[in-house]
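Take a walk through this model.

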Amino acid sequence: MQRSRRSTALFISTLLAVAITLAVAAPASAADAPSRSNSKNNVVFFVHGFDPSGAADTDCSSYWSSARTHFKNKDWTGGLVTFGYYSEGKNCTYKYNGTRGTSITTVAKALANRIYNNYSRHGRKVDVVAHSMGGLVIRSALYNVRNGASGFPPYLYIEDVVTLGTPHNGANGLQLLGCKAAFRGQKQCSQMTPGSVFLERLPEKPSISRMGTDWTVVSSYDDATVSENSGVGVDAKHKLQYNANGARSIDHTELKSLRSGTYLGRTKTGSGTWSGWADRGAPLERARQAVYWHSSR
């Protein structure tokens, strides 16, 4: 009798242990993915571009000051966080301690894991607004997560991505020569070269997160760093180009700082054709609309 009771107790204990283990080990993916919605409540990650000067000490607060001010002024209630990737960088909400010699893929891994650990695994979605090389960082992050690359998280929940002046097909030749000369051809300069192994590996249609991701890409004909074609050189659902043509021009830096006024621009949706040139809102206002409405209207 005692042996029978002992065996029964052992069996029950084993079942309880297995149940507890399964409960603890259950993947976060078992929870439903967050739904898409028009909301000002999403956390927005702002990802800066390549730092072409000095010690690569990008100040995230200064870099994204205009963007974050604009979102706040438009009653954005979600968190407005910044991600930096240089060890000398300052005032970043989150930071990876890299250098110009750090592969964009490595930076992408750090960003992906930050978003996963702080948000995605808890069933929370985020939006991403990226400038210049920052757009390649998030593009690489989503691509490697979708491919199950080593060291990347199992999934992400990113609802919308907006890239501003990102060298999707490579940066301007003269800018790259300066980059390589100043920094002895360090990794990030080489990876932004048209036709580089890094760029060729990324699919023309940007990868999406587990919940789906709506992409908006923005470029300017007056951007001397990234051409108007490279800046929209992916198969994104929403494209926007600016062109001065006698009106006020928008340069590479202004793509991430202009938040008011109207500028000559044209749009393209999906596989459609480019619209005519007309007055369009400032880049940051268009970015805000894109992460709110899932499109650049």
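Why is helix 9 (residues 283-293) largely enclosed by the rest of the structure? Ten of its eleven residues are buried, so the remainder of the structure largely encloses it. Buried means under 20% relative accessible area, with exposed over 50% and partly exposed in between (1.4 Å probe, protein chains only). Among the buried residues are Glu285, Arg286 and Arg288, along with Leu284, Val291 and Tyr292. Helices (H or I, at least four residues) and strands (E, at least two) are DSSP runs, numbered from the N terminus.

The model is predicted: local features need pLDDT of at least 70, side-chain atom pairs count only at pLDDT 80 or more, and totals for chains, interfaces and linings use all residues. Residues are numbered from 1 along each chain as its sequence is written, and side-chain values use heavy atoms, without hydrogens and water.

Next, the disulfide. The structure holds one, a pair of cysteine sulfur atoms within 2.5 Å. Cys60 and Cys92 form it, with sulfur atoms 2.0 Å apart. The bond links distant parts of the chain, 32 residues apart: Cys60 sits in helix 2 (residues 60-63), Cys92 in the loop between strand 2 (80-84) and strand 3 (94-95). The S-S torsion is about 75°, so the disulfide is right-handed. Both Cys60 and Cys92 are buried.

Last, the pocket. On a 1 Å grid over the protein atoms alone, a pocket is an open set of points where a 1.4 Å probe fits, with protein on both sides within 12 Å along at least five of seven lines; lining residues have an atom within 4 Å of a point. Of the 25 residues that line the largest pocket, Phe50, Asp51, Pro52, Thr225 and His252 are closest to its centre. Helix 6 (residues 173-183) gives the largest share of the lining, six residues.
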